[in-house]
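The tour goes from stop to stop, each with something to select.

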Amino acid sequence: MAGLGAAHRLKETGLPAVLFDKNPYPGGHTASHASEGFVFDEGPHVSFTSDERFRALLSQSVGGNYLQVDAQINNYWQGYWIRHPAITNLHGLPSDLVVRILQDFIASQNAPQPVINNYLDWLVASYGRTFAETFPARYTVKYHTTTAENLSTDWLGPRLYRASLEEVLRGAVAPGSPNIHYVQDYRYPAQGGFASYLELFRRQSDIRLSHEVVRIDWRRRELSFANGSVVEYDHLISSVPLPDLIGMIPGTPPDVTAAAEQLACTTLVLVNLGVARSDVSSHSWNYYYDEEFPFSRVSYPRVMSPNVVPEGMSSIQAELYFSRKYRPLTGAPEAWIDPVIDGLRRSGVLRQDDRITFRQALLVPYANIIFDLDREASLRTVHGYLDSIGVRYCGRYGDWGYLWTDEAFRSGENAAQGIVDRLDTPTSLSTTAA
């Protein structure tokens, strides 16, 4: 999305751009894969942006053929299904646990402002220690592959809701609290999966597929590709993950290489299942806290659009997170299919007699950025070097940030605008985006 955003901005300005994508399809992670009548996105993708300009662009891309879906989100913890966010939906949990959560929450609201050194400090200050350690800190290890003590708070934004005391108390004494998740509803293409939103940008862009960059000579302004081709560029915008990007640049100083190696990111195994039943779930996705389940989040593509499954079927996508730095993946992704099915049965999502008609495991080497305590200094070193050699960067893996779809697109636009702003006669020069 970031590369497409860069090309879109350059087109608006009159600058020609070429996009190079290592895959045989465009869009990076904003991809949808079809097989045997099922369509699975590369991880759950929905559009909940409030940016009216971007909403209009996506609508235009699918000819207005999208669905508006209410976001129903649940949490699973030790046999309990808890509406999200859990902090305002404590009703029905063990009474001793609820009492401890309320005591700690009230104490945290009345305590002096603490020093926040890491994410765990923020969780305890926001929710009290009992809730923090029972729910979000436990989920952190599954999703980020490291502990909350080892994370900064730079990534939070609106992702975790800071509830008021009244909201917490009401959610503890009675069911049916209001939906206060940051995703109230979302838009999803009626046909073809999330990648249908790219159609407008694909049509207007010059995209060279199956072009994997292997070497960047910034002094000669040349890109070398795995297929043997070499191209020159006037300006370069990269959405390549920073550790890979630095490895493509000969002569990079050792301190920059070392900093790039410290940048942490999760590796994702997606287990995609097709089920011979149309009513598997009414939820968009569920969060799982217990360590006994290998997956941290489970989503249901049929809820997003009934047209991504065969008639009378449902589909499930489970996310399992690993990382080179903290939790390396060993063995084949396919080895996780049966444990996922077992976990879904034990938690009641699948029935024992459900017929699984489709099974697939997909490896995504780069998934979510890990905002560990090494990130800030390492990123400053890497970005400083790229700035010094004139290589612009964008997107989740160029900015090395927790960017949603619209933010990634704007990141590409901003990188392109930085080039435009420096040109005296922009229409007379050409630009290459990779």
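How much space lies in the second largest cavity? About 40 Å³ of space lies there. This is a predicted model, in which local features need pLDDT of at least 70 and side-chain atom pairs count only at pLDDT 80 or more, while totals for chains, interfaces and linings use all residues. Residues are numbered from 1 along each chain as its sequence is written, and side-chain values use heavy atoms, with hydrogens and water left out.

**Stop 1: the cavity**

Select Asp41, Gly43, Pro44, Tyr188, Ser299, Pro301, Met304 and Gln317, which line the second largest cavity. On a 1 Å grid over the protein atoms alone, a cavity is a set of points where a 1.4 Å probe fits but cannot get out, and lining residues have an atom within 4 Å of a point. A volume is the space filled by probe spheres set on the points, which are joined across faces, edges and corners. The structure holds two cavities of 30 Å³ or more.

**Stop 2: helix α6**

Next select residues 136-144, helix α6. Helices (H or I, at least four residues) and strands (E, at least two) are DSSP runs, numbered from the N terminus. In α6, seven of the nine residues are buried, where buried means under 20% relative accessible area with a 1.4 Å probe, protein chains only. Those buried are Pro136, Ala137, Tyr139, Thr140, Lys142, Tyr143 and His144. They pack against α4 (119-127), α5 (129-134), β13 (266-275), β14, β15 and β16 (314-323). After the helix comes Thr145, with a positive phi near 65°.

**Stop 3: aromatic pairs**

The whole structure has 34 aromatic pairs. Rings of Phe, Tyr and Trp (its six-membered ring) pair if their centres lie within 6.5 Å; planes under 30 degrees apart count as stacked, over 60 as edge-to-face and the rest as tilted. Select Phe131 and Phe135: their ring centres are 5.0 Å apart and their planes stand at 35°, so this pair is tilted. Both Phe131 and Phe135 are buried. Tyr139 sits in α6 and Tyr289 in the loop between β14 (285-288) and β15 (297-299), 150 residues apart. Is Tyr289 buried or exposed? Tyr289 is buried, with a relative accessible area of 6%; for Tyr139, also buried, the value is 12%.

**Stop 4: helix α2**

Select residues 52-61, helix α2, where Phe54, Leu57, Leu58, Ser59 and Ser61 are buried. Their cover includes α1 (2-13), β4 (66-70), α8 (199-204) and α15 (405-422). Asp51 caps the N-terminal end of α2, with a side-chain oxygen 3.0 Å from the backbone nitrogen of Arg53. Just after the helix, Gly63 has a positive phi of about 60°.

Note on methods
Buried < 20%, exposed > 50% of the residue type's maximum accessible area, 1.4 Å probe, protein only. Contact = heavy atoms within 4.5 Å. Polar contact = N/O pair within 3.5 Å; in protein donor to acceptor, adjacent residues only side chain to side chain. 1 Å grid on protein atoms, 1.4 Å probe; cavity = no way out; pocket = protein on both sides within 12 Å on 5 of 7 lines; lining within 4 Å.
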